Amino acid sequence: MTKVNIAQGENRRKVIREVVDKLGQPFIDKIKDAKLILLKPDLVHHELQLASVHVDTIRGILDVIRTYSKAPVVVADAAHFGTKAGFRNFGYERLLEHYSDIKLVDLQDEPFVEQTFTSETGDQTILRRPKLAMDADFTISVSNLKIHKDYGAALSVSNWAEGTMLVPPRITIQGRVWSRSPWLSIGGSKSMHQMLAFLYTQKPCDVAVIDGILAMEGDGPVNGAPVAMGVALAGFDAVAVDAIAATLIGLDPHGIGYLEMIAQAGKGVNEMSKIDVPPLQIIDLTRPFQLPVTTRDHLLDWQT
């Protein structure tokens, strides 16, 4: 069975360190062998901390990595509102003072490779992915536990897939943004989920970590409301980790299109009966989250 680890508590750094430690010897062996470790946090908004991964989440992961490995670590994102501002505003730059051989990288500045996505109608879209993320030999997707108004939940798979998709900036009323929406939404709901599934299966992350200490319901992934969950998840199968996370917030993992498509392709597990987690703990932790009306009404449009 696929294992997903769970840890509970209020001290974010401690809980994240605990849940990553639970990955055990396989994780230790992989980071010892790695020549480059890449952590990809979700820094979707440079000013709203609830929407973005807290620096203490990264500290918790780095505490475990540096216990066993001296491999170079890159913390990298291609954030919607700008990665460098997120690094600066959320205290990521201080990581350089406390951990050796750490780099902060804006993936939008990196060389890229191209991948071709073909829709069901035969339309082709050229997608750019950062070569650094595609070539890194050990990758960790680090996300928050959040509702996503367009596709249900913003978790580790979407953080890795959408967040390693490079797009040109455009000017909006909110300033300069790097929005994937024009590409993801061009073919409708089903195509959006198919593109996310394609992006993930072309290069899955090696480990998923979800910080649910303070989660987000409602108008996510940016403007939702906080929910104190006091939980963190980690595992080697990001789809399975997301399936448990979705269950905890009242969503059916089979109803999230891109997770179902990835699982159907044999690239992950989203069937609860095949995931090793304590059932009573799941029951105790589950709290259905509020969804935006538009999300609730259209969550399964990808099936049509």
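**Contacts and cores**

I began with Leu251 and skipped residues up to four places away in sequence: Leu251 touches Ile147, Gly152, Ala153, Ala246, Ile256, Leu291 and Leu299. Contact here means heavy atoms within 4.5 Å. Before going on, I noted that this is a predicted model, where local features need pLDDT of at least 70, side-chain atom pairs count only at pLDDT 80 or more, and totals for chains, interfaces and linings use all residues. Residues are numbered from 1 along each chain as its sequence is written, and side-chain values use heavy atoms, with hydrogens and water left out.

Next I looked up the largest nonpolar core, which has 66 residues. A nonpolar core is a set of buried Ala, Val, Leu, Ile, Met, Phe, Trp, Tyr and Cys residues joined through side-chain atoms within 4.5 Å. For burial I used relative accessible area: buried is under 20%, exposed is over 50%, and partly exposed is in between (1.4 Å probe, protein chains only). Leu145, Tyr200, Leu233 and Leu251 touch the most other members of this core. Helix H10 (residues 238-248) gives the core its largest share, nine residues. Helices (H or I, at least four residues) and strands (E, at least two) are DSSP runs, numbered from the N terminus. Another core lies apart from this one, with 37 residues, including Leu43, Leu62, Phe90 and Phe138.

**Leu214**

I found Leu214 in strand S12 (residues 207-217). Leaving out residues up to four places away in sequence, Leu214 touches Arg12, Leu50, Pro226, Val227 and Ala228.

**Salt bridges**

How many salt bridges does a search of the whole structure find? I got 12, taking a salt bridge as a side-chain nitrogen of Lys or Arg within 4 Å of a carboxyl oxygen of Asp or Glu.

I checked Asp63 with Arg13, where the closest N and O atoms are 2.8 Å apart. Asp63 sits in helix H3 (residues 55-68) and Arg13 in helix H1 (residues 12-21), so this pair ties together parts 50 residues apart in sequence. Asp63 is buried at 14% relative accessible area, while Arg13 is partly exposed at 31%.

Arg17 also bridges to Asp63, again with the closest N and O atoms 2.8 Å apart. I wrote down Arg13, Arg17 and Asp63 as a network of salt bridges.

Last, I looked at Arg128 with Glu114, a salt bridge whose closest N and O atoms are 3.8 Å apart. Arg128 is partly exposed at 39%, and Glu114 is exposed at 51%.
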